[in-house]
Amino acid sequence: MSEARDGVEGETRTGSGAGGRHLVAVLALPGFPPFELGIPSRVFGSAVDEDGQALYEVVVCTADGLPVPSDSGFALQPAAGPEALAAADTVIVPPTHAMPELGRGGPLPPAVAAAIAGIRPGTRLVSICTGSYVLAAAGLLDGRPATTHWNLAREFRTAYPKVRVDEDVLFVDDGDVLTSAGVSAGVDLCLHLIRRDHGAAVTNRAARMCVVPPWRDGGQAQYIDRPVPEPTVATTTATRAWALERLAEPVSLAELAAHARMSLRTFTRRFRDEVGMTPVQWLTAQRLEVARDLLESSDLPVDLVAHRAGFGTANSLRQHMRASLGVSPIAYRRTFRPAVPAEARRPV
C-alpha cells in the first residue's frame, strides 16, 4: 500500500544516460547493506521495452568517487563519483549503518552534503529504508510526507520534526521525492517508478524477471511484530482470494465476514492485523488495480472499465482515482495510452 501524489503525471523525461536512457544514480554510502544497494540495479535493469532494449542505465557512485565499506565485510569500488549525481534523472539513496549522528538530527558528512547539493533541480529523488535520513538531513523532506522503516519511525520523527512521517505504508510518492519503508519495500518503490514511467506491461515483465509481485498489498502495519496466532486460528486469506474473483460484483463487509465464518468485529480486526488496512480499503485498492490495468491495456469505455472493476459507475471510479492517484480515468489513460479512440476522449 502506498501514499501517492502526482504519481502518473509529469513523468515524460529525456534520459541523460547512454542512448537517451533514463539515468539512475545510486549513492553508496559507508556502511551500506548490500541487498538494499543492489535493488535499483536489479529492478531497473530488468525493465526493457518490447524489443528487449534497456530503458534505464543504472550507475552506482560514491560521494567522492572513492571506495566505501559495506556493513558486510567488503568494500565497494564505485563506477563513478558525484558527477553521476549531477547528471542523473533519478537519484536513489539506499540506507547506511555508519552515520548514527543522522538518527539524532546531526549534519551530513561534508562530502555527502556537497554531492547532494550538486544534484540538478528537477531530478527525481528516492530513498530506500533509512536512506530517508540522508534526504531529511539535507532538508529535502521538510514539509513533505515520507516514510522509513517502521521500527525507526519514532526516532525519525523526533530527529526531523518538519517531515510528515507515515510509518504505515510501504512507500510514499510525493511526486519528485519518493521514500520507501524497510528493505524489500525498495523493490516495491522501484517497480512503482517503472510503472509511472512506462506502464503496467513493462512493470509486469520486470517483476517476472525479478520473481516478485508487481504490486504488494497492504502497508508496513502487517510486518510489525505481533504474537503469532495459534495454528487453529482462522485467517482471512481464503476470503481475500474469494473476493478477488468477485471484484466486479458488489461485495459487502457482512458477506466477507460470513465467508470467513467470523463475526464482523473479529473479521475486521483480523483482516487489519493481517493486511494492514480495513477490508473496504483493501477492496478499493484491488478494484483500482483492475481499473488501472484496463485503462492502460484496453480501449474499453470508462463506464465499462468502472463496471468491470466493481465501481459501478464512471463517476464512482473517477472519484476514487482522484482521491487515490490525483487524476481522472481519462487523464490516466492518456498518460499510458496517448493514442486513444474518440470515445475515450469524451468527458465522463
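Colleague: Which exposed residues sit on the face of helix 3 turned away from its buried side?
Modeller: That face carries Pro-110, Ala-114 and Ala-117. Exposed means over 50% relative accessible area, buried under 20%, and partly exposed in between, with a 1.4 Å probe and protein chains only. Helices (H or I, at least four residues) and strands (E, at least two) are DSSP runs numbered from the N terminus. This is a predicted model, in which local features need pLDDT of at least 70 and side-chain atom pairs count only at pLDDT 80 or more, while totals for chains, interfaces and linings use all residues. Residues are numbered from 1 along each chain as its sequence is written, and side-chain values use heavy atoms, with hydrogens and water left out.

Colleague: And which residues of helix 3 are buried?
Modeller: In helix 3 (residues 110-117), the buried residues are Val-112, Ala-115 and Ile-116. They cover an arc of only 95 degrees around the axis, which puts them on the same side of helix 3. The arc is taken from the directions from the helix axis to the C-beta atoms.

Colleague: What covers them?
Modeller: The cover over the buried residues of helix 3 includes helix 2 and helix 4. Contact here means heavy atoms within 4.5 Å.

Colleague: Changing topic, how many aromatic pairs are there in the whole structure?
Modeller: The search finds 7 aromatic pairs. One of them joins Tyr-133 and Tyr-160 edge-to-face, with 6.0 Å centre to centre and 85 degrees between the planes. Tyr-133 belongs to helix 4 (residues 131-137) and Tyr-160 to the loop between helix 5 (153-159) and strand 9 (164-165), so the pair ties together parts 27 residues apart in sequence. Rings of Phe, Tyr and Trp (its six-membered ring) pair if their centres lie within 6.5 Å; planes under 30 degrees apart count as stacked, over 60 as edge-to-face and the rest as tilted.

Colleague: Is Tyr-133 buried or exposed?
Modeller: Tyr-133 is buried, at 5% relative accessible area, and Tyr-160 is buried as well, at 7%. Ring pairs also link Tyr-133, Phe-156 and Tyr-160 into a cluster.

Colleague: Moving to helix 10, which residues are buried there?
Modeller: Phe-267, Phe-271 and Val-275 are buried in helix 10. Seen down the axis, the buried residues fall within an arc of 35 degrees, so they line one face of the helix. They pack against helix 8 (237-244), helix 9 (253-260) and helix 11 (279-297).

Colleague: How are Phe-267 and Phe-271 placed in helix 10?
Modeller: Both lie in helix 10 (residues 264-275), 4 residues apart, about one turn of the helix. In general, an α-helix has 3.6 residues a turn, so residues three or four places apart point the same way.

Colleague: What sits over the ring of Phe-271?
Modeller: The charged end of Arg-240 does, 6.0 Å from the ring centre. The criterion is NZ of Lys or CZ of Arg within 6 Å of the ring centre and within 35 degrees of the ring normal.

Colleague: What follows just after helix 10?
Modeller: Gly-276 does, with a positive phi of about 90 degrees.
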